[in-house]
Amino acid sequence: MGGARAAALTALERCRRSGAWSDAVLGGVMDAAELNRRDRALASALCYGVLQNRALLDAALAGYSARPLNKAEPKVLDILRISAFQILFLDRVPASAAVNEGVALCRALGYGRAAGYVNAVLRKLAATPVLPDLHGLPENERLSVRYSHPLWLVDALLAELGAEETEAFLRCNNAPAPLTMQVNTTRTDTSGLAAALSRDGVQTAAHPFLPDCLTAERAGEIGKTAAFREGLFYVQDAAAKCAVLAAAPQPGQRILDACAAPGGKSFAAAILTGDRAEITACDLHEKKLSRVCAGAERMGLRSIQTTQADAGENRAEWNGGFDLVLVDAPCSGLGVIRKKPDIRYRDADALTGLPEAQYRILRNCARYVAPGGTLLYATCTVLPAENGGVVQRFLAETDDFAPEDFTYPAAAPCGSTDGMVTLWPQRGGTDGFFIAKLRKHA
C-alpha cells in the first residue's frame, strides 16, 4: 500500500512542478514503481481523488491544523491531502492505515520534523471523519469549495446555467466518466465487438443513444485487449462522434481534419464513409501525428493520410480543395474536466487569448472549403466566448457561409438550434462539447 501512496504523491508533485497532465504522468510513475493491479487502482484513486477534491480536502484539514496549511511544505501538504482523501472518501481503507502511512511517508521522504504535525492533524480528522460544513458560505463559494472548481469558473457557469444545473455539472466533473468505444464497422459490428471484449473480460453495454457505440464502467487496460490489437474499435466520447455525424461525411469526399491528433474524428470519418473518402489529417505537432498513423494502421483505415500543418497558417494549395473541413480547435478543455481533473487549476488569465486564436484558425480553415462544402467547428469546452462567440464573429465578418441545422440520433438528449449546440455531461452523459455546422454558399 505504501507503494501506491508514494506513486500518487510522486505524480502530484511532478504535475505541480512541471505543469504536466496527471494522466500523462501517473502511468509512467506506476510503471516505474512496478505496481500490481491492486496498487495501481489505489494510486489512481488517490491521485485523481486529490485533484478532484483539493479545495474540499484543504477545508477539512484546515479545521484541525494549528497553522495555515500554506505554511506547510508542498509535499507535506500533498501527504495530508492523500491521507484525508482516504479517511473521507475510501471506505475500504481503515482510517488508522491512512494516518500511519501518511506519517511514514513524511519520515521516509526526510520530513521527520513534520511527522508530528501530520500525525496530529490526521488523527483529529480520523476521529471525526465528516466533510466540512459549507452552508454558511455564499452559493458560489460553497460550490467552489465543495466541488473544488475555481471561483471564476463557478461564477461563469452560474451565469450560464443557474444554480441547480451548475451544481449538477460540477458533480459530474468529480465522478468517473464511462469509457466509450466506437465500433470499427469496417471490421465488425456492435454485437461482434461486445462478444470480443467479453472474451477479454470487459463487460460492455450499448450506448443509450449513439449507434455503433459501446460503454464500459470498468475496462482496465483496454489497450491490451485482443479486440483493440485487432482494430475492432477506438476510444472516443459520444460528443466528439456526434460532431462527425453532424458533418455527415460521404464516400468520395475530400476531407480535412485540421487539428486531428489523436485522430478520433479522422477515424470516425473514415469509418462512416466505408473507408472510401480522401482524408487529410494534420496537426501542428508532427510527433502527435504518429498516434493518428498508428491508429489508422491498427484499424486498417487506408483513406487517412497525415501531414504536419499549422491550422492557423494558410496553405494556398489547399484553398477551395475540400468538401468537408473539420476544425476541432484548441480550447480551454473545460468540458472534459471529469477526464482531466487538473484542467480546473489552469490560470484563467492564460485562457483569455484562446478565442482570438480559435477565430484565426476558423477563418483560415474556411478558405479550404470548396463551394457548397461544409465547415464544422467544434471544441471540448462550454464557455460561450470560445464557442458561439467565435462562430458569430466569423459569420459577421464573412458572406460566404451560413449555419446549417443538423440532427442527432433520435434518443439524443438535445437537438440543434441554428446550426449550433452545446452538449453537457449533466444532461446527456457526454463530455462538455460545442458543435457548429456551417455551409459555404455554392
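A search of the whole structure finds 0 disulfides, a disulfide being counted as a pair of cysteine sulfur atoms within 2.5 Å. The sulfur of Cys331 has its closest cysteine sulfur in Cys380, at 3.5 Å, which is too far for a bond, and Cys380 is accordingly in no disulfide. Cys331 is buried, with a relative accessible area of 14%, where buried means under 20%, exposed over 50% and partly exposed in between, for a 1.4 Å probe and protein chains only.

The model is a predicted one, in which local features need pLDDT of at least 70 and side-chain atom pairs count only at pLDDT 80 or more, while totals for chains, interfaces and linings use all residues. Residues are numbered from 1 along each chain as its sequence is written, and side-chain values use heavy atoms, with hydrogens and water left out.

Helix α8 spans residues 151-161, and in it Leu153, Val154, Leu157 and Leu161 are buried; helices here are DSSP runs of H or I with at least four residues, strands are runs of E with at least two, and both are numbered from the N terminus. Seen down the axis of α8, these buried residues fall within an arc of 100 degrees, so they line one face of the helix, the arc being that of the directions from the helix axis to the C-beta atoms. They pack against α7 (139-146), α9 (163-173) and α17 (425-428), and just after α8, Gly162 takes a positive phi of about 85 degrees.

Leu232 lies in the loop between α11 (226-229) and β4 (233-235), and at 10% relative accessibility it counts as buried. Leaving aside residues up to four places away in sequence, Leu232 touches several residues, including Gln182, Val183, Leu193 and Ala227, with contact meaning heavy atoms within 4.5 Å.
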